[in-house]
Amino acid sequence: TATTALHANGEGNNDNNIPAVDSVEEIDRRRQQMIKRASVKLDDLYSAPPVIDTEVEAAKHKSSEFFWLAFCFFGIMGSFVCYGLLLEYATSGGKHLHELSFLFVTSLLYTLTASVGRYIRAEEQSTIPPAQFFVLGLTSMGSTFCSVRALRYVIYPIQVLAKSCKPVPVMLMGALMGKKYPAKKYVKVALIVAGVGLFMGGGDKSKKGADDDGKDASSQMIGVCLLFVSLCFDGGTGAYEDKLMSVHSVGPFDLMYNIQMGKTILAGIGLIVLNQVHIFVQMCQDMGFLLVALGLSGAIGQVFIFVTIAKFGALTCSIIGLARKVTTLVASIYFYGHHLNKVQSLGLVVCIGAMVNDFFGKKGKGGGHGHGGHGPSPQTDFKDNCEENQPMLATVEEKDSALEMGTRSSK
């Protein structure tokens, strides 16, 4: 009985203690819930992107873009201005470049550069048949040959300005085929041609150096005719590339590789068939370093063009190209002492003004503004940006007009 009583009292005591225990547990539970709720809020706070971090990231991104833009700008400017000054040095003061030797060395360096770029980007081999690449190589080679040959008769600034007349043969061929152009287009092209004409015919002498006495108006006309033929080859190359690329897929460096390989082979065959290998050997002995410098400066410029289009779009690349053209003219006039009279200066201003107006007129049409733009894709945006008609991809420039930097094919 006593045991039962004690047991009952113990149960009673336990029953009396249960509410107290429950109260402690309840307090602990509530405390844990409060901590949990507070933790969730803190987690939410930390998971949200802080304003300061976002601003820092934006500043870093902006500085990175500025760095790459400056890198591409000075890369293109340095490469192609250097190319122009070297080319003028090699063709002035009584010196002449042997065109086939020039083509063989520079095209070989372009081919090597393109093969490296194609390997790094893991570009698939093009489906374009080799015979069609051979045609592109032939027309591109004809353009470069005539362009370099013309420098025996005219100074480099005239070549640069004459290359701005690229729409002339394109428009003539288009008009013959029944294509119509707006009146503004004719006016802009007429201004460019008039500017080139004033620049060429405004002075008694257009070339300064030991061989100036033979540079009369008739020899200048020979140079102009060669430049016109070069522009016609450009138009043919671009039209044929457009036709092929509308059917086949080709990467930028693969396109450059195949065309430059074709030019290298054709130039090598020409040296052998025309029995000019000895001239090539002599040329390498006399100007080997200069030829390599020309090839490397042009090839490096192509790489900068690709990086610019990939990061900022073809429009930015076109703007840099236009600035490069003007800088090349100024550098050539300054370093090689070309004296301009008032008529020639007026022609230069008219020509450059017409080019700038034509460029910004095309800019207003939109397209190609870089990331996410609605312009042509990078594979059709590379080729008009190439110095001395070294095909890659094109710029934002419309298909019937291009910068002097390269052949018409894809902006």
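The model is predicted. The protein chain has 12 helices and zero strands. Ser230 sits in helix α8, and its side chain reaches the backbone oxygen of Ser143.

**Overall fold**
- Along the sequence, the protein chain reads α-α-α-α-α-α-α-α-α-α-α-α.
- The protein chain counts 411 residues, and 46% of them are buried.
- Take the contacts between residues at least 6 apart in sequence: 80% of these join residues at least 24 apart.

**Packing of α4 and α8**
- Helix α4 spans residues 130–150, and helix α8 spans residues 217–245.
- Their axes lie 8 Å apart, at an angle of about 160°.
- That angle is over 145 degrees, so α4 and α8 count as roughly antiparallel.
- The crossing of α4 past α8 is left-handed.
- On the α4 side, the contact includes Gln132, Val135, Leu136, Thr139, Ser140, Gly142 and Ser143. Cys146, Ser147, Arg149 and Ala150 of α4 also take part.
- On the α8 side, the contact includes Gly223, Leu226, Leu227, Val229, Ser230 and Phe233. Asp234, Thr237, Tyr240, Glu241 and Leu244 of α8 take part as well.
- By class, the contact holds 10 nonpolar, nine polar and three charged residues.

**Ser230**
- Ser230 has a relative accessible area of 0%. The cut-off for buried is under 20%, so Ser230 is buried.
- The side chain of Ser230 lies 2.9 Å from the backbone oxygen of Ser143.

Note on methods:
Residues numbered from 1 in each chain as written. Predicted model: local features only at pLDDT ≥ 70, side-chain atom pairs only at ≥ 80, totals over all residues. Heavy atoms only, no water. Helix = DSSP H or I, 4+ residues; strand = E, 2+ residues; numbered from the N terminus. Buried < 20%, exposed > 50% of the residue type's maximum accessible area, 1.4 Å probe, protein only. Polar contact = N/O pair within 3.5 Å; in protein donor to acceptor, adjacent residues only side chain to side chain. Axes fitted to C-alpha atoms, helices over the stretch in contact; angles between N-to-C directions. Parallel < 35°, antiparallel > 145°, perpendicular 65-115°, else oblique. Left-handed = near helix turned anticlockwise from the far one by under 90°. Contact = heavy atoms within 4.5 Å. Nonpolar A, V, L, I, M, F, W, Y, C, P; charged D, E, K, R; others polar.
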